[in-house]
Amino acid sequence: MSSYLDILSVLLLLSSFVLMANKRIKSHIRTFRFQSAMIALAAGILGVNSLIHEGRVDLLVVCAVIIAIKVIYIPRLLHRVYANVEYKVEKDFFLNIPILILGCCMIVVFTYFALSKTDGINTGTENMRVVNSVSLILIGLFFMISRKKAIGQIVGFLVIENGIFVTAMFATQGMPFIVDMGMFVDLLSAVMILGIMVFKINEKFDSIDINKLKNLRG
Amino acid sequence: MMHAVYALIQIIVIILAAPLVNGIIRKVKALTQKRKGAPLLQMYFDLFKLLKKSVVVSDVASWIFRAAPYIAIASAVAASLFVPVTAWPESQGYAGDMILFVSVLALGRFFMMLAALDTASTFGGMGSSREAMISALIEPSLLVTLFTVGLIAKSTSIFQIMHFTAGVGIPLLHPVYILGFAALCMIIIAETSRIPVDDPSTHLELTMVHEAMILEYSGRDLALMELSASIRQLVFITLLVNIYVPHDQMIALYGLSGFAAIAVSLLVYLIEVILVSILIAVIEVHTVKLRLFSIPNLAALAFIVSFLGFIQYFVLGR
């Protein structure tokens, strides 16, 4: 079981790099969907494990909720938002792609050195999973600040959320049920509000470039 | 004596199987486009036809132009000796490490680029400048991938790595190996001039890289150039197969030895090569050719993925 979780944590990290290297919003959404499916799989593996050993079903419920919200609902919502805006290619990065990817790599190295000094999580592969998922949070943040368009920033926000969830899951083998559910409800409302905001920005400014928000309009 | 026999088997298998890989990739591509496609053995017919024809060489070409096909094929065959295709008794030893492997391949490519510049045709210069760019971008990630795998196996010999991997179990379930696998797939696509980087089936001047370099060749020389390109491709596929699905595993499983071991491992190897070529064809069907200036992005991704594997090795602490 633990080797499957190792592989999944590496694949999560890999998917965030692929996300960073992509230019098109459609492939951002596809990669996000893939990443969420990986998380659902990890939750499923942990859930089956806890069902067998402790008789708990809450992680399996969490897995089902992830599939419903992150794999099906949010990508579909983002696709709908994307269909309604003019800009199909996000070519406005603040840096070019190789430098962005190198930056991500620096983040992973930084996280490794930061966490290797931390007590309590330095036990073998546990440490590696936590390193990978903490770097997922930071890469999500980096993704968010490197994109100029609003949909890219929503995806960055979702990646941060994925990272937080995975860190909690790998570090604690399953958070209390109510905390997980609270996070999902938070996320869902945030994404819906952000989606509506993108509509409104697009309507008002004929573009979803957030730099234009600085302009005053009467 | 045994060494000579093994080397002979190695060379014969590599040279005979190399055009078949091209045939399989073309056939799969044709089938996905609902065409019948050329027969599987088409490349052998082409090579035989070209070998019978005489060579036309430009008046201004120097010895480099004439020597390059022979150097290219010699380097490709020499590189193929580093990646065992059959079971190799451990007592016999196996010389050569991966730095030499990469540099032998680079030698052939270097002469190919020189030969393309030699006749001073515009396409040749364009092709070799592009090839130089792509190879300079891709080679670091190849080396980093090989070093990472070598770090785990504690050896720089591809043969030793293969032997070590045979004991790992399923390498594709190991986090370091899987990153190396992803990097190596991207490297193979770039090194063998497959679709996201270069389109092997067209002679469109905007996009061609490898074809532009061998445009001046004809007859026997062209056959040698094409054969060496397909041997290079098979060498990379063999490298992937050796590291990730070592055919040694089977031998250890059934305790075979001698002739039976060679035969079984060869069979397993050929099946794996066919599967990998189908995988490459599927990747090629599902992607579009990248703009030349987007290739650095792919190369950066390949490098970072291999470097990530390198980091994970230390994070895992093994």
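Guide: B:Ala120 lies in the loop between α4 (98-118) and α5 of chain B; helices here are DSSP runs of H or I with at least four residues, strands are runs of E with at least two, and both are numbered from the N terminus. The model is a predicted one, in which local features need pLDDT of at least 70 and side-chain atom pairs count only at pLDDT 80 or more, while totals for chains, interfaces and linings use all residues. Residues are numbered from 1 along each chain as its sequence is written, and chains are lettered from A and ligands numbered from 1 in the order in which they are written.

The phi of B:Ala120 is near 60 degrees, which is positive in a residue other than glycine. Most residues other than glycine have a negative phi. B:Ala120 counts as exposed because it has 12 C-beta neighbours inside 10 Å. The scale for this uses C-beta atoms placed from the backbone: a residue with 20 or more others within 10 Å of its own is buried, one with 12 or fewer is exposed, and one in between is partly exposed.

Two residues are in contact if their C-beta atoms, placed from the backbone, lie within 7 Å. The residues of this contact between α5(B) and α12(B) divide into 15 nonpolar, five polar and no charged. Here Ala, Val, Leu, Ile, Met, Phe, Trp, Tyr, Cys and Pro count as nonpolar, Asp, Glu, Lys and Arg as charged, and the others, Gly among them, as polar.

The partner, α12(B), comprises residues 295-316. Its 22 residues reach 31 Å from the first C-alpha to the last, close to the 32 Å expected at 1.5 Å a residue; the expected span is 1.5 Å times one less than the number of residues. Helix α12(B) is mostly covered, with 18 of its 22 residues buried.

Helix α12(B) also takes part in the meeting of the chains. In that meeting, 17 residues of chain B are in contact with 20 residues of chain A. The elements giving two or more residues to the side of chain B that touches chain A are α7 (175-191) and α12 of chain B, and α12(B) gives the most, with twelve residues. The residues on this side of chain B comprise 15 nonpolar, two polar and no charged.

Beyond α7(B), the loop between α7 and α8 of chain B contains B:Ser193. Like B:Ala120, B:Ser193 is not a glycine, and its phi is positive at about 45 degrees. B:Ser193 is buried, with 20 other C-beta atoms within 10 Å. The loop between α7 and α8 (210-213) of chain B also holds B:Met208, which is buried with 21 other C-beta atoms within 10 Å. Leaving out residues up to four places away in sequence, B:Met208 touches B:Gly127, B:Asp198, B:Thr202 and B:His203. The C-alpha atoms of B:Met208 and B:Arg130 are 9.0 Å apart, although the two residues are separated by 78 residues along the chain.

As for chain A, the partner of chain B in the contact described above, it has seven helices and zero strands. Buried residues make up 38% of its 218 residues.
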